[in-house]
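Here are my notes for you, written as a colleague would jot them down. Keep the picture open while you read.

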Amino acid sequence: MTPSQGFLAEIKDAVTTRAALLVLGVLVLQLAFITSYIGAFHHPKPSEIPIAVTAPAAQVAERSAQQLGALPGDPLDPRVVGSEAAALAQVRNRDVDGALIIDPAGGTDRLLVASGAGASLSQALEEVVGAAERAQGRTVRVTDVAPAAKGDSRGLSSFYLVIGWCVGGYLCAAILAISAGARPANPHRAVIRLGALLVYAIAAGLLGAVIAGPVLNALPGSIWGLWGLGTLVVFAVGAITLAFQGLAGVIGIGLAILLVVVLGNPSAGGAYPYPLLPPFWSTIGPALPPGAGTYAARSITYFKGNGAGGPMLVLSAWSLVGAAVTLACAAFRHDRPSPT
């Protein structure tokens with residue numbers, strides 16, 4: 001055997017077909033990660049941002065709403081409300097992202113924003129509404145009715161907290177797989193894994209809420225609310241990962257990363273809330289754990305929990321589906337007859 005043949009034989013022996021395919025899968029995930037983040041963030045553009053419009057005279061409010069709704073590119077989705085109090089309530093209930101209060105007797109109107117829902121979103125509202133007002137020869141005074149805390153730079157702390165919880169969820173599930181095989185040997189083992197994941201989720205949810213709240217003073221919301229949310233986020237992501245592992249073995253870890261990281265993180269509404277994302281990302285974001293978790297965390301922190309119900313149901317659904325698929329895969333594998 002020549003030296004070159006010996007070296008080629010060593011390569012074939014060291015790099016199996018399975019390993020080569022797994023490395024190729026990692027490359028695909030890496031490229032998908034780059035494409036998803038740049039694709040979602042490279043050109044943020046406001047699209048149909050919900051905004052309440054009110055004025056002492058209904059006709060004035062209707063006319064202003066029509067003018068805002070006719071802006072090129074449809075950056076706003078205006079809706080007329082009956083009073084300033086109703087407009088403020090809609091902002092605080094997260095029914096709209098801002099409110100324009102018109103003063104026909106003067107030349108200055110007021111714009112209510114909520115930077116706690118994302119600084120980039122409130123800034124986009126200020127720019128779009130400010131330009132529209134200047135075109136009408138008017139000025140606008142901005143009031144932040146739900147400002148982000150001093151320790152919450154640009155309202156991103158909620159997003160990073162949820163991303164940390166997500167990372168913990170799929171890493172915990174991956175470690176459980178590495179330690180005892182990707183697929184549980186029987187339903188009892190699957191229940192044990194889900195139980196261990198739940199214990200981890202409870203601890204991770206509490207510690208994350210404490211670090212973001214009292215320790216770093218970044219999120220002033222309810223510790224109890226954030227603890228519950230964190231537990232649900234970690235368990236949901238971990239259960240999804242266990243389910244994918246039950247279906248596809250170790251490849252399931254990559255599928256979980258594809259769902260949660262490649263698709264979930266750019267569409268979560270963290271750096272750019274949903275009205276600033278391209279249509280594909282703004283559509284899938286609320287249905288995935290990072291997006292549901294981020295929206296709920298901001299609701300708990302700055303809006304007294306208003307608007308958190310829907311995202312919590314999304315996370316609960318992922319948890320139930322993930323646990324059910326994990327148990328079903330383990331039962332199917334346990335009942336399948338062994339080869340002779």
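The points below go from the whole chain down to single residues.

1. Ground rules. This is a predicted model, where local features need pLDDT of at least 70, side-chain atom pairs count only at pLDDT 80 or more, and totals for chains, interfaces and linings use all residues. Residues are numbered from 1 along each chain as its sequence is written, and side-chain values use heavy atoms, with hydrogens and water left out.

2. The overall view. The protein chain has 12 helices and five strands; these are DSSP runs numbered from the N terminus, with helices being H or I of at least four residues and strands being E of at least two. Its C-alpha atoms fill a box of roughly 90 × 50 × 40 Å along the principal axes. Of the 340 residues, 45% count as buried. Buried means under 20% relative accessible area, exposed means over 50%, and partly exposed is in between (1.4 Å probe, protein chains only).

3. Who touches whom. A contact means heavy atoms within 4.5 Å. Take the contacts between residues at least 6 apart in sequence: 74% of them join residues at least 24 apart.

4. The largest core. A nonpolar core is a set of buried Ala, Val, Leu, Ile, Met, Phe, Trp, Tyr and Cys residues joined through side-chain atoms within 4.5 Å. The largest one here has 48 residues, and W165, L229, V233 and L315 touch the most other members. Several elements each supply at least two residues, among them α6 (157-180), α7 (187-215) and β3 (98-101). The largest share, 10 residues, comes from α8.

5. Zoom in on L315. Which residues is L315 in contact with, leaving aside neighbours within four places in sequence? They are L229, L232, V233, A236, P289, A292 and G293. There is also a second, separate core of 21 residues, which includes L68, L71, L125 and A132.

6. Salt bridges. Side chains of opposite charge can pair when their charged atoms come close. A salt bridge here is a side-chain nitrogen of Lys or Arg within 4 Å of a carboxyl oxygen of Asp or Glu. A search of the whole structure finds three. One is D77 with R79, at 2.6 Å from N to O; D77 is partly exposed at 31% relative accessible area, and R79 is partly exposed at 29%.

7. The two β4 bridges. R110 pairs with E84, their closest N and O atoms being 2.2 Å apart. R110 lies in strand β4 (residues 108-113) and E84 in helix α4, so this pair ties together parts 26 residues apart in sequence. D109 pairs with R138 at 2.7 Å between the closest N and O atoms. That pair links distant parts of the chain, with D109 in strand β4 and R138 in the loop between α5 (119-135) and β5 (139-144). D109 counts as buried because its relative accessibility is 1%, and R138 is buried too, at 19%.

8. A charge without a partner. Look at D97, in the loop between α4 and β3. D97 is buried yet has no salt bridge, and the nearest side chain of opposite charge, R94, is 5.3 Å away. Not counting residues up to four places away in sequence, D97 touches several residues, including I49, P50, L112 and P275.

9. One last residue. Beyond neighbours within four places in sequence, I257 is in contact with Y170 and V262.

Key
Lys, Arg positive; Asp, Glu negative; His and termini not counted.
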